[in-house]
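Work through the exercises below with the model open. Try each task before reading its solution.

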Amino acid sequence: MANKIQLTNNFPIISESDKIYERALKVQKPVTQTLAKGPGQFTKGVAPKYLVKGKGSHVWDADGNEFIDFNAAIGPVSLGYAYPVVDEAIRRQLEDGITFSLMHPLEVELAELVQEVIPNAEAVKIAKTGADVCSAAIRVARAFTGRDKVFCCGYHGWHDWYIGITSRNAGIPEAIQDMTYTFEYNDIESIKAALDETVAALILEPFIFEAPKPGFLQELAEVCKANGTLLIFDEMWTGFRIALGGAQEYFNVKADLAVFSKACANGMPIALLTGRADVMELFNNEVFSYTTFGGEALSLAACIATINELRDENVPQYLNEKGALLKDGYNQLAKVFGMDQYTKCIGFNCRTMVTFTPQAGNGLELKTLMQQEMIKRGVLWAGFHNMCYSHSSQDIAYTLSAYHEVLPIVKEAILSGDVKSYLKGEVLEAVFRKVSNYNIKPKTVAEA
């Protein structure tokens with residue numbers, strides 16, 4: 001029988017997931033369309049591999065097992081799965097069509113709405129994916145400044161200009177790799193020392209889990225402006241979550257350009273580029289960035305409905321309040337069990353992450369054990385609490401009760417010195433993200 005959400009579950013039966021996976025191995029390379037959803041991030045032998053249904057904050061896998069989901073489809077689900085207001089907007093538009101031979105009025109309606117809520121949105125461009133708008137932002141920044149080099153901090157998609165500086169850079173010419181440089185978050189002095197007349201754009205996630213030092217983002221905007229470098233905020237995670245107007249509203253700082261995708265359409269594929277009118281003007285004639293599906297109307301309707309709901313229900317405040325209960329509750333339990341030297345939940349309340357200290361042991365083994373035990377208890381756990389509006393007080397209370405059972409198991413494993421012996425499945429793979437080995441150089445490549 002399929003598991004429900006209860007503390008007394010056995011490990012879920014995942015035979016149907018495994019059958020589908022075996023089929024996938026024969027026809028797909030890779031088997032996942034997004035690394036964060038793939039089998040490397042969910043322990044093989046324990047975790048389901050395929051989800052078939054979602055409702056509110058709960059999901060069901062291919063074997064019928066039910067889970068509370070804190071992954072939010074890796075970000076896009078801001079309101080909840082199958083959220084009625086959004087689904088109804090999609091249904092209404094579906095009756096009239098999906099993609100058309102001319103522009104659709106919803107494109108204008110959405111752009112007007114975005115201009116109301118995003119601080120820097122003098123102009124708006126609509127696309128399909130986060131990588132698309134990140135790359136469009138870099139291209140227009142290079143065109144506007146007449147410069148080539150880019151400084152970046154965070155994850156910005158799969159396109160050549162960014163992925164060339166990561167370990168997965170096969171197929172990208174060295175000349176392209178040599179135009180992008182990475183910097184360490186919160187290190188304003190290294191940025192000041194490196195900015196020069198060759199740097200077209202500086203792009204960063206306004207925060208990931210670490211908070212900006214007081215004044216960091218404001219000073220960043222000032223030094224970029226003084227250098228003639230365009231500041232780009234990658235607000236895939238911060239947009240519409242930390243505040244309706246994203247990090248720009250929350251921290252009261254404007255970027256020249258900003259990009260959004262996750263959260264703004266509750267799961268439908270759409271991306272937004274907002275920014276200064278004089279920069280965005282270049283898309284009219286000089287800079288090419290178009291896509292057939294940019295005006296796809298179901299996503300436009302979903303995006304409008306989602307943003308209105310986020311605003312009308314003050315969803316960012318809800319995410320903050322409920323997320324705080326989880327983060328603070330976890331950290332309190334860690335203290336109760338004498339685990340606070342080993343683990344801590346960090347981040348802004350709308351999106352937090354469970355971490356393990358070096359003295360706890362191998363972080364991936366510990367994360368695997370925690371995931372294994374939380375999945376057994378009906379929580380689809382990947383280390384994060386990506387909050388959505390459908391996460392209820394009951395969901396949070398239940399999740400904390402699961403942590404109450406699991407933390408002592410993790411502590412026992414740590415004290416045993418052999419965490420791996422507690423695992424039923426394979427150890428998770430490391431998350432793919434450029435987070436170290438910062439190589440910031442210019443001042444015309446450190447004076448050659």
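**Exercise 1. Find the residue in strand 12 that stands opposite C345, then place its strand in the sheet.**

Step 1. C345 faces V354 of strand 12. The model is predicted, with local features needing pLDDT of at least 70 and side-chain atom pairs pLDDT 80 or more, while totals for chains, interfaces and linings use all residues. Residues are numbered from 1 along each chain as its sequence is written, and side-chain values use heavy atoms, without hydrogens and water.

Step 2. Strand 11 and strand 12 (residues 351–356) pair antiparallel over four bridges. Strands are DSSP runs of E, at least two residues, and helices runs of H or I, at least four, numbered from the N terminus. Pairing takes at least two DSSP bridges between two strands.

Step 3. Now widen the view. The open sheet has three strands in the order 11-12-14, paired antiparallel. Strand 11 (343–346) and strand 14 (384–386) are the edges; each has a single partner strand, so one side of each lacks a neighbour in the sheet.

**Exercise 2. Classify the ring pairs F207–F251 and F209–F384.**

Step 1. Apply the cut-offs: Phe, Tyr and Trp rings (six-membered ring for Trp) pair with centres within 6.5 Å; planes under 30 degrees apart are stacked, over 60 edge-to-face, the rest tilted.

Step 2. F207 lies in the loop between strand 7 (199–204) and helix 8 (216–227), and F251 in helix 9 (residues 246–251), 44 residues apart. Both F207 and F251 are buried (under 20% relative accessible area with a 1.4 Å probe, protein chains only; exposed is over 50%, partly exposed in between).

Step 3. F209 and F384 are stacked, at 5.9 Å centre to centre and 15 degrees between the planes. F209 sits in the loop between strand 7 and helix 8, F384 in strand 14, 175 residues apart. F209 counts as buried because its relative accessibility is 13%. F384 counts as buried at 18%.

Step 4. Look for a cluster. F207, Y250, F251 and F348 form one.
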